[in-house]
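Hi,

Here is the structure I promised to pass on.

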Amino acid sequence: MIRSLLRHAFLAFAFVTCTAAASVAEDAGNYPEQLIRSARETHLAEQRGWHILLHYKKRLTGGTISRISDPAFFLSRSGRTDPEAELEATIGAFFTPSAPDGEHPICRFPARLAWLSEQLQIDPARLPAAACSEQKEQLRTIDARSAVLVFPVGHINSPASMFGHTLIRIDGSSKSSLISYAVNYAADANDTNGFLYAFKGLSGFYKGYYSLLPYYEKVKEYADLEHRDMWEYRLKLSREEVERLLLHALELQRISSDYYFLDENCSYNLLFLLEAARPTLHLSDQTGVFVLPTNTIDIARQSGILEDAVYRPSQGRRIAQIASLLDEQGQQAALELARGKREAKSLRAGDAGDEQRREILDLGAELIQLRLSRKELEQQDYNRLYLKILAERSALGKGEAAYDIAPPPPPDAGHRTSAVGIGGGVRRGDGYAALHLQPAFHSLLDPDQGYLAGAQIKFFDTLVDYVPEQERLRLRTMHLLDILSAAPRDRFFRPFSWKIAAGWDTEVMEDGRDSLIFRLNSGGGLARRSPFGGILYAFAEADVNAGKRLRGSVAAAPGVSLGALEQVRDWWKVQLLGEAFFYVVGDDRVSLKASLAQNFRLAQHQSLAFVLSYGDVSGHAVPEARVLLNCYF
C-alpha cells in the first residue's frame with residue numbers, strides 16, 4: 001500500500017515538474033511573438049521614432065521607402081518599403097541564437113534595440129547573450145556627453161567641397177575637443193574633374209557612407225591640409241539625447257546609401273541623427289528640393305537647438321595673418337627658413353627687432369608644417385628644421401605678437417541658397433521685363449557674407465524675359481551647370497583657377513540676330529589679390545557652341561576673359577568683366593563683351609543687382625542695362 005502511494009506521488013510530481021518546465025519553455029519561445037503581437041496592437045511600426053531610425057519617407061506615388069538603399073541595413077527582405085515587416089523581423093532577430101562577436105543584431109542595431117525596449121518594455125534578462133566587444137569599447141572610449149554641429153567652409157579649388165560640409169562632433173569628458181569623435185557622412189568619390197564629379201554627384205552614381213573617427217583627423221584634413229575655416233555650433237541636446245544619437249550612428253557605420261549632390265547628401269543625412277537624438281524634431285521634413293550644408297545650419301538654427309558659432313581658423317588663415325604683420329623682406333626670410341635656405345640664427349645679424357624676429361620665426365614654423373602636410377618634406381628634415389626654429393624662437397620669449405584672427409561672418413549670416421529675381425532692362429533699345437531663377441547656390445556677384453569669396457557654383461540658373469513689342473516670353477539663358485573658382489595666388493599659396501559652364505545662352509550671330517544656342521565653356525587661369533583686398537583673375541578659355549543658326553551647326557573659339565571682384569563695402573559688391581572670343585571653327589564671329597555689375601545687399605536675404613554691358617559681335621553693337629531685385633529663399 002505504501003509503495004503504491006509512493007509510486008503515485010512520484011508520478012504526480014514528475015508530471016507537474018515536466019508540465020511546468022514545458023510551460024516555461026513554451027513561454028520563452030513565445031516571447032518574441034508576444035512582443036510582435038503587442039507591437040501590432042499598438043501600431044508601433046507607424047510611429048515616428050521607428051520611421052526616423054529606418055530613414056523612412058513618404059513616396060510621391062504612395063507608400064513608404066527608406067532613403068537607405070543598402071540591403072545590409074534591413075532584416076526583412078521587404079524592409080526598405082514595409083516598416084511593419086522590418087519591425088517584426090527586427091524583434092525576431094534580437095532573439096536569434098548567439099552569433100560571432102559583433103555580428104548579432106543586438107550589436108548591429110543598438111538604437112533599434114533601445115527604442116523597442118522602451119516601447120515594448122522588453123525584459124533584458126530574456127534577450128540572448130550577445131558579444132559586442134567593439135561596440136562596448138567605442139561607447140566607453142567616446143563617453144558621449146554633448147554634441148557639436150561642425151561646418152567646414154568650402155574649399156575654393158575643389159568641386160567636391162565648394163558647398164562646404166557638415167559633420168557632428170561628439171564630446172566626452174575631456175576639455176580638449178580634438179580628442180573627441182566625429183560622425184561624418186560623405187560620398188565615396190575621388191574624381192577631381194569638376195564636370196565628371198558634378199555629373200556623377202547629380203545622378204546618384206556615388207555611394208555615401210557614415211563613419212565615426214577621431215575629430216583631430218577631420219581638423220587636420222580641413223583646417224591644415226585643405227585650409228578650410230571651420231565653424232562649430234554646440235547643440236542644445238541632453239546627455240541622454242546625445243547617447244541616442246551615438247547609438248544610431250553606430251548602427252549606420254559601413255551602411256551605404258545613394259549619394260545625390262543636391263539633396264541626399266551630407267547635410268540631409270545628418271538630420272536623421274539629430275532626429276534620432278530628439279524625435280520631436282522635424283528637421284528632414286523642412287528641407288526643400290535642394291539641401292546644402294548651409295541649409296542644415298539654417299534648419300537647425302530655426303529649430304532652436306544651435307548655440308552661437310565658434311570659429312576655428314585654418315592654417316592658411318593663420319599664415320596670412322602672421323604674414324600681414326611683416327613686410328616683403330620679412331615674409332621672404334620666413335620662406336627661406338622654411339625651405340632650409342637660411343639658418344634661424346642668421347636673423348640676429350639683421351636689422352629686425354625682437355618682435356619682428358618672433359613673427360618671422362613663427363611664420364617660418366607655420367610654413368614648415370605646411371610643407372610637411374604637402375609632403376614636400378620628409379619627417380626627418382621637418383624635425384631638423386622645425387627644432388632649429390623653435391630653439392631660436394624660445395630665446396625671444398612670448399612677446400606681444402598679435403595673431404588673433406577676427407572671425408568673418410558665420411555661414412548662417414549669409415543669404416539662403418536659392419534665389420528669384422524680378423526686374424527688367426533695355427537691350428538694343430528694347431525694354432523688357434525679366435525673371436531670374438537661381439535654384440542653387442551662389443554666384444560671384446551675390447553678397448560674400450557667409451560664403452567663400454571668389455567661388456561660384458550654380459545649377460539651372462535661368463533668365464526669362466518678356467518684350468512687350470514682341471508679346472512673347474523668351475528664354476535668355478539656362479545654365480545647367482556653372483562653376484568658377486578664382487583662387488588668389490601669393491608668395492605661399494599658388495593654386496590655379498578654373499571654370500566650367502554648360503547650358504543655353506542667347507548669343508548674337510554673325511548676321512547680328514539673336515539666337516539661343518547650347519554652349520560649353522571651360523577655361524583655366526590665375527588670380528591674385530587686388531590692392532583693395534578683392535580678386536583679379538584671368539582665364540584662357542575654349543568655347544563650343546551648337547545651334548541651328550550656326551554654320552555647320554557647331555562653332556568653336558579660343559578666348560580670354562579678365563575679371564575683377566571687389567567687396568567695396570559690406571553692402572556693395574562690384575564685378576568688372578571683359579571677354580573676347582574668336583570663332584575659328586564653324587563660324588567667323590569675333591565676340592567682344594564688357595560688363596560692370598553691382599550688387600547692393602539690402603538685407604540678409606534681399607539684394608539689388610544692377611548690370612551694364614556692352615557687346616560687339618562682328619561689328620554689331622549690343623548695349624544692355626538690367627536691374628533685378630533678388631530674394632533668397
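**What H11 packs against**

The buried residues of H11 pack against strand E3 (146-152), strand E7 (230-235), H10, strand E9 (306-312) and E12. Buried here is under 20% relative accessible area, exposed is over 50%, and partly exposed is in between, with a 1.4 Å probe and protein chains only. The helices (H or I, at least four residues) and strands (E, at least two) are DSSP runs numbered from the N terminus. Packing is judged by contact, meaning heavy atoms within 4.5 Å.

Before going on, the ground rules: this is a predicted model, where local features need pLDDT of at least 70, side-chain atom pairs count only at pLDDT 80 or more, and totals for chains, interfaces and linings use all residues. Residues are numbered from 1 along each chain as its sequence is written, and side-chain values use heavy atoms, with hydrogens and water left out.

Back to H11, which covers residues 293-303. Its buried residues are Pro293, Thr294, Asn295, Thr296, Ile297, Ile299 and Ala300. Just after the helix comes Gly304, with a positive phi of about 85°.

**The chain overall**

The protein chain has 15 helices and 23 strands. Its C-alpha atoms fill a box of roughly 130 × 80 × 40 Å along the principal axes. Of its 633 residues, 49% count as buried. If you take the contacts with a separation of 6 or more, 64% are between residues 24 or more positions apart.

H10 runs over residues 266-277, so to speak a 12-residue helix. From first C-alpha to last it reaches 17 Å, close to the 16 Å expected at 1.5 Å a residue; the expected span is 1.5 Å times one less than the number of residues. H10 is mostly covered, with 12 of its 12 residues buried. Among them is Cys266, at 4% relative accessibility.

**The disulfide**

How many disulfides does a search of the whole structure find? The count is 1, taking a disulfide as a pair of cysteine sulfur atoms within 2.5 Å. Cys107 and Cys132 form it, with their sulfur atoms 1.9 Å apart. Cys107 sits in helix H4 (residues 105-108) and Cys132 in the loop between helix H5 (110-120) and helix H6 (133-142), so the bond ties together parts 25 residues apart in sequence. The torsion about the S-S bond is about -75°, so the disulfide is left-handed. Cys107 is buried, at 7% relative accessible area, and Cys132 is buried at 7% too. Elsewhere, Cys631 is partly exposed at 31%.

**H5 against H9**

The axes of H5 and helix H9 (residues 239-252) come within 7 Å and cross at roughly 135°. That makes H5 oblique to H9. For the angle classes, under 35 degrees is roughly parallel, over 145 roughly antiparallel, 65 to 115 roughly perpendicular, and the rest oblique. The axes are lines fitted to C-alpha atoms, for helices over the stretch in contact, with angles from 0 to 180 degrees between N-to-C directions. On the H5 side, Pro110, Ala111, Arg112 and Ala114 meet Leu247, His248, Leu250 and Glu251 in H9.

Most residues other than glycine have a negative phi, and most peptide bonds are trans. Here are some exceptions.

- Arg254, in the loop between H9 and strand E8 (256-259), has phi near 65° and is exposed at 60% relative accessibility.
- Arg428, in the loop between strand E10 (419-427) and strand E11 (430-438), has a positive phi of about 55° and is partly exposed at 31%.
- Ala440 and Phe441 are joined by a cis peptide bond, with omega about 20°; Phe441 lies in strand E12 (residues 440-442).

**Around His415**

Phe441 turns up again here. His415 lies in the loop between helix H15 (379-394) and E10 and is buried at 4% relative accessibility. Its side chain makes a polar contact of 2.9 Å with that of His442. A polar contact is a pair of N or O atoms within 3.5 Å; within protein, one must be able to donate a hydrogen and the other to accept it, and residues adjacent in sequence count only if both atoms are side-chain atoms. Beyond its neighbours within four places in sequence, His415 is in contact with residues including Phe441, His442, Asp446, Tyr451 and Tyr632.

Cheers
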